[in-house]
Every structure is written in C-alpha cells, then in structure tokens.
Amino acid sequence: MIPQDFIDQLLSRVDIIDVVDRYVPLKKAGQNYMACCPFHKEKSPSFTVSPSKQFYHCFGCGAHGSAIGFVMEYQGLPFVDAVKTLADGIGMPVPEERAANPEASRAAREKKLSLEGALEQAARYYKQELKKAPAAIDYLKGRGLTGEVAARFGLGYAPEQWQNLNSIFDDYNSSALLESGLVIEAEDSGRRYDRFRERVMFPIRNQRGGIIGFGGRVLGKGEPKYLNSPETPLFEKGRELYGLYEGRQAIRNANAVLVVEGYMDVVALAQYGVEYAVATLGTATTGEHVRKLLRQADHVYFCFDGDKAGQKAAWRALENSLPQLVDGKALHFLFLPQEHDPDSYIREFGREAFEAALKTQSVPLSAYFTRELTSHVDMSTPEGRADLIRQAKPLLEQIAAPTLGYIIKKRLAELVSMDIDEFDMLTGQTRPERKGRRDYQLPDQSNRPGSNSMVRKQIKWILMNPTWAHDVLASDNRPYENEMATLVAIVEAIQASDSELTTARLAEFFRHSPHELTIDSVLLDTMREPEEFSNPDQNDRESFRLGFIRLMDRYDDDLISSLSAKGYEHLSSEELQLLRTLLAKKLSPTSLATRTE
C-alpha cells in the first residue's frame, strides 16, 4: 500500500480544479466550478467542483469524490495507478511500498512485468494466427461478427499443435509462461505444452487495458467449451470482468451496465450496438464484481437464462450484491426464454427488442428479493409466514443501502401482516428512531449497522467543516460502533493530524477502512442538499459542539442501561470497569452541571 502520509501530501499539493479541467472544461459559478458531467449524458451542467473542499459531485448521477477518485472514475484506473498518475503530473516520486522485505517486493514487481510481457506477446501471436485459420474465421462470421468487432476485442486463435508458443518465445521453459497460465507442466514428466489449443482466444484486460489472462472457446464439440486462464498474480476471476475496459465509454453514456455469462455474449451484443455488456469469468458474480460495477453506472442489469441453473446463478448474484448496495443505484434481473442466451436473442430479434426486454421485462432487486422468498413458503399459513421471517433475517442484515433495506423490510412486514416494529423485533434488528432516547446495543449484541439521523448529521458537519473537530472531545475506552464509531474516528483523525484536512483528504484517509461506506453514503446525502451545509456561521459551529456533547452523554446512558441489564454477576472484568467509569462520570459535579444547564 502507498503510505497514507504520501496520499495526504499529494492531495495537499494537487488542485482538483486543475485535475478535472484537464479532462473536462470547467466554468466558474460562484464559489465553485461547473461542467456537464463526464460520467453520464446531460444537456445542462450538474457537475460541480468545490475548490475549498477539494471535492467533486454530480447532482445528476451522484458521482463524487476527491482528485484521486476522479482520475479513478474517468480513466478507469485502480487506486494505486490513479495515485501514480496524479503524482507523475506534479513530479512527486511515489515512495516504495513499506515492505518488511524490499528485495521480495522488487522481485514481485519484476515478476508482474514479466507476466504482463508474456501475455502481450502471446496475444499478438494469437491475433496473427486468426488470419491464417479459415475454420475460426468461418465460426466467427457464423456468429455474425465482423472483422471490426473482432479487432476491437483483440480476438485471436490458438492452433491445434501442442507447443505453438515455443515458436515465439526464446525460452519455452521460462517461469513467466508457467506462472501466467500460458503453458502447463506435466507432473510426471515435467514436459510442457500450451494450455490453449484449437480455440478462439478472447484476451481479458484489466481496467488499464493490460492483458491479464485469456478465455478460449473451443471450435466444435470439445470440452470444456470455454477454458479460462488459471488464477495468477495478475488474474483473479472473482475481481475481473470481461469487456469492462472495452465498454467503459458505452457504460458511461448509457449509465447502465449489462452482466452476461459468456465472452461471446459480450462480443455479439457489441456487434449489434449493445456495447455496455460485461461477463463474469467462469465464476459466480461476487461482491467485488458488484462493487466495481456500481462505480461504473447507476443501473446494473443481470441477464440469465430462465432455467434452474440461471435462477440459481441469479439468486447467488443477489446474495453477493446485498452488502454492496447503495441508495440511488439500482440492480435489475432479466430472465430470457430457456431456448435463448443474449447472443441468440439479439441475433433473432434485434437490438431494439433486446433493449426493450431489458427495460420492461427485467425485475428490480427489491421485487426479485420478495418474489423469491415468498415463492418458497406457504404464505397462507402462520408456519409459512414464520419461515419467511426466518429466511429473510440473515439477508436483511446484509443490505448496505439503508433506505432500500427499510423499504424491503416494510414490504415483507406487510406480507406477514405485521407492523414494522414487530417485524424488527422478530428479526433482531434495531428499531427506527423514535422521539426520546434511542437504544444502542453493545457490539456483541449488534446484528447490523445502525443508522441515526442525529449521528449522520454530525458526520456531515464534521466532513464539511473539519476544523470543528478541535471543539469537541470523544470519551476514551467506549465500545463505539456503527455510525457513532465513524463519527469518533473522523474526529480523532482530524485531531491527530499535523496539517489541516479537507473533505477530500478525509474521504481518502478512510478509503478501504470499515468507515468508507458510511462516509461515502453521508457525503452523497450531503451533496444532494448542499445549501444546508453552505456558509455555516458560529451558531452552526456551536450547535455542532453541543450536539456532539449530547450524543456522548446519550451513548454513555445507553451503555449504562445495556451493561446494567446484563447483571453485575454476568459482566466481564472489562465491562465492570467500564460501568464503574460511566457511573462515576455521570455522578460527577461537572456532568451534573452540564445536564442541568
């Protein structure tokens, strides 16, 4: 990982206005700058960049982030590469990884370059061999592909001989060929042979466009029909998506991405003008896949066959999507007739019919979620409804989007003829906030991240006005959790910093931390109503300070209640000490005076 202090220095030296303006011409609009959003189509500008907060936000599609985030989104780069791009632009050398073994780190980098070089060389060879393979050309033409689309995706052909690559590599016994998955070494004899033979070759690229692996489609009826590169230092199937690099611009223009199951589906759809399709690489849709897709577009469409295997794959995709969901972004599920896959459907009915089916026949995740759960129980009996609640509980706990999660939960409560509080009680979830004191749970009793509007507002204020953190003090040795833990972490990070932090620097500081999703969600809410947090005055600052004190007091009160309810004899020594500390603080003259003011 790149050291956090370097990222802080980088963000303090680059100006997000200069960074964005290189790619998108900006115009001054009051204190901020405006442009038409580069991430979705729009006629009037809704993309704003704040020089004071060093942050960008689009009011149309919700895209937002720091200068690093902008480069990641616009160029489709992973975090480290985006940091290096920005650093190169201002002449800042990126420090080496702080590894315990620098020699091992250097060797790993050299190995990566060696593997990348081998894969690129093989791709050029396969591409040339396609021109000499009439059977492969006829196969692609029979699937309706033109030479232009084949060239765009870099399609190639691996001949049927066992050691084709021996002719293009100086050392066929090179470790790079084995570790990149291009060759296989027999365990008994040690003899090497090419992994891919007599197959149409599909290069798999990362978001930078570098080749990290291959998929090979057999000609004829051989097995397996599709053969993928194995897991390598460059290629991890659960993180990569075929066609994402080639489809970036189309995905951005459509503000949608279509997930299909095969390489040929992606290429065939592109041939017919549906260029925003990607495919998983011989594995189920993972949470990392979904997280990556939701960064690309607001609408993600999963397209599956209508058979049992397709239904099973769709439900697995839904389960893995729940922890990645974001309010304001939508997932949809389309099931094609059993006799069709996307390739055959679009060839038979055309682009208009396919996209119409996508829009009118796909099912939103919320509806699919409810439909599947209710279809497996007898809703006419109490036993069936009880079973529905049992099955729903672990799934509801995983939903990361608070608003969508609440709506789904409310719909399920209606179906079992309960009000929302009764449903909450039976699923062990935190009740929605009511007037009066809110009940908190200790970490070992908590089932899912909670949400509290007062806490979220405090987080918004501190993200927009980091210097206010110096006005407050968080209590030590408290088992903070959920959004309270995020609020305290932000305050402590600002107080510990030797320099003044901006909104952008805070967002980057907590990237890849447990608080990242909460902060990103709060920032998105904040940017939707920027007037609420613009031009704060001293009264706002004082309200923040008093609100923080009240939150600390309420949290302590709730901890006292939770610990007392367990009974002294059931408390650990740490819990008993915490309870004594809390009670002593509550009964101190300073605390009593504060509470009676």
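## Contacts, burial and helix packing in a predicted chain

Leaving aside residues up to four places away in sequence, M201 touches Y126, G154, L155, G156, Y157, A158, F196, F214, G215 and G216 (contact means heavy atoms within 4.5 Å). M201 is part of strand β9, which covers residues 199–205; helices (H or I, at least four residues) and strands (E, at least two) are DSSP runs numbered from the N terminus. Between M201 and Y157 there are 5.2 Å in space, C-alpha to C-alpha, although the two residues are 44 residues apart in sequence.

The model is predicted, so local features need pLDDT of at least 70 and side-chain atom pairs count only at pLDDT 80 or more, while totals for chains, interfaces and linings use all residues. Residues are numbered from 1 along each chain as its sequence is written, and side-chain values use heavy atoms, with hydrogens and water left out.

### The chain as a whole

The chain holds 25 helices and 16 strands. Of its 597 residues, 50% count as buried (under 20% relative accessible area; exposed is over 50% and partly exposed lies in between, with a 1.4 Å probe and protein chains only). Among the contacts in the chain with a separation of 6 or more, 66% come from residues 24 or more positions apart.

The table gives the accessibility of several residues discussed in this report.

| Residue | Relative accessibility | Class |
|---|---|---|
| M201 | 0% | buried |
| C303 | 2% | buried |
| C37 | 7% | buried |
| E240 | 13% | buried |
| N255 | 16% | buried |
| N482 | 28% | partly exposed |

### Cysteines and a buried glutamate

The whole structure contains zero disulfides (a disulfide is a pair of cysteine sulfur atoms within 2.5 Å). C37 is in no disulfide, and the nearest cysteine sulfur, which belongs to C58, is 3.5 Å away.

E240 is placed in the loop between β11 (226–228) and α9 (248–254). Not counting residues up to four places away in sequence, E240 touches N206, I212, F235, L281, H289 and K292. With 13% relative accessibility, E240 therefore counts as buried.

### Residues with a positive phi

Most residues other than glycine have a negative phi. N255, which is not a glycine, has a positive phi near 55°. N255 is located in the loop between α9 and β12 (256–260). N482 is likewise not a glycine and has a positive phi of about 55°. The place of N482 is in helix α20, residues 482–496.

G91 comes after α4 and has a phi near 75°, and G350 comes after α13 with a phi near 90°.

In helix α4 (residues 79–89), the buried residues are F79, D81, A82, V83, L86 and A87. Their cover includes α1 (4–13), α2 (16–23), α3 (67–75) and α21 (503–509).

In helix α13 (residues 342–349), P342, D343, S344, Y345 and I346 are buried. These buried residues pack against β12, α10 (263–271), β14 (299–305), β15 (330–336) and α14 (351–360).

The axes of helix α15 (residues 365–375) and α16 come within 9 Å and cross at roughly 145°. Here axes are lines fitted to C-alpha atoms, for helices over the stretch in contact, and angles run from 0 to 180 degrees between N-to-C directions. F369, L373 and T374 of α15 meet L388, Q391, A392, L395 and L396 of α16. By class, this contact has six nonpolar, two polar and no charged residues, where Ala, Val, Leu, Ile, Met, Phe, Trp, Tyr, Cys and Pro count as nonpolar, Asp, Glu, Lys and Arg as charged, and the others, Gly among them, as polar.

Helix α16 (residues 382–396) also packs with helix α17 (residues 402–415): their axes come within 11 Å and cross at roughly 170°. The two helices are therefore roughly antiparallel to each other (angles over 145 degrees; under 35 is roughly parallel, 65 to 115 roughly perpendicular and the rest oblique). R385, L388, A392 and L396 of α16 make the contact with I408, K409, L412 and L415 of α17. By class, the contact has six nonpolar, no polar and two charged residues.
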